[in-house]
Amino acid sequence: MKQFATLVIASTTILFGVTIPVVQAQAQTPAYRLIERDMAASNRIQVQVTPGRATPISFTQTDEAIAYILVADPSRLVYTTDTDLKNGRATTIFLRAIQPLKFPGATTTAITNLLVQTVDKTGQKRLYNFDIVPVRRNTGYVGIQIANAFVIPLQGSKLRAASPIGFGTARRHRTASENSAIAGQQTLLIDKNRRARVDDIETGLRIAINRGYTNKSDPVVPKVQQILSLLRNSKVTIPEAATSVGVPVEVISELGRIALNDRLLRLGQQR
């Protein structure tokens, strides 16, 4: 059995206490894109919406309830919530693309924005701004989940909540390379002379699935997708992201190696 498949089985054993054999199965639904609450509230978050499918934006992992929703251009998008906004318990919005409508005097745009105001149990209000991006293909996730600060293990047994701009005073004790982590641009040392980027990890996962090293039904796959979302939306290193989701960093390293080796092979064939 190939090395990556062995790593995936080993990591599955670590995660779930059982070994799940690599067999052909129906593809598992992609994971939610998980975004830390403060990061979501301070940035414009893109949400891809596909015709014929409903895309949820969920606040169920926070203590917030949805108080107000505004779609800037309602000509191509409709929404519902899991319960009436008036009762103060709505936590999820479901977005659906529709055929374009014409409203007299209204302006339209290809990418509109959705404004969502929430209120938490202490009465604090937050305003979220989502850019709604229509796409024709299925997205890499089923929806958006807004979550409280991610818990990242630090040295020893202490845990500290991650903020979108760093990890408090603990960051002062890290190396320069870790401190320079920029969301979406993190790298992981694969061997002496090569580093894998976030895009390489995603490419390696796709290659591993296409070549049968693993399959989409393996529980590790959505966890890797969650790691990719975390890396692209937070200033967190790759080992920290892997640890926070519960995936051995060796699995992530192997995905990067698969992508880098594939790139070298294709370059050699072009010469």
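**View 1. Contacts of Ile227.** Ile227 touches Ala241, Ala242, Val245, Val247 and Ile252, leaving aside residues up to four places away in sequence; contact means heavy atoms within 4.5 Å. The model is predicted, so local features need pLDDT of at least 70 and side-chain atom pairs pLDDT 80 or more, while totals for chains, interfaces and linings use all residues. Residues are numbered from 1 along each chain as its sequence is written, and side-chain values use heavy atoms, without hydrogens and water.

**View 2. Packing of helices H5 and H6.** Helix H5 (residues 220-233) packs against helix H6 (residues 238-245) at an angle of about 135 degrees, and their axes are 9 Å apart. Therefore H5 is oblique to H6 (under 35 degrees is roughly parallel, over 145 roughly antiparallel, 65 to 115 roughly perpendicular, and the rest oblique). Axes are lines fitted to C-alpha atoms, for helices over the stretch in contact, and angles run from 0 to 180 degrees between N-to-C directions. Helices (H or I, at least four residues) and strands (E, at least two) are DSSP runs, numbered from the N terminus.

**View 3. The largest nonpolar core.** Among the 28 residues of this core, Ile201, Val224, Ile227, Leu231, Ile252 and Leu255 touch the most other members. Such a core is a set of buried Ala, Val, Leu, Ile, Met, Phe, Trp, Tyr and Cys residues joined through side-chain atoms within 4.5 Å. H5 gives the largest share, seven residues.

**View 4. Ile57 in strand E3.** Ile57 lies in strand E3 (residues 54-61). Ile57 has a relative accessible area of 0% and is therefore buried (under 20%; exposed is over 50%, partly exposed in between; 1.4 Å probe, protein chains only). Among the residues that Ile57 touches, not counting those up to four places away in sequence, are Val47, Phe130 and Ile144.
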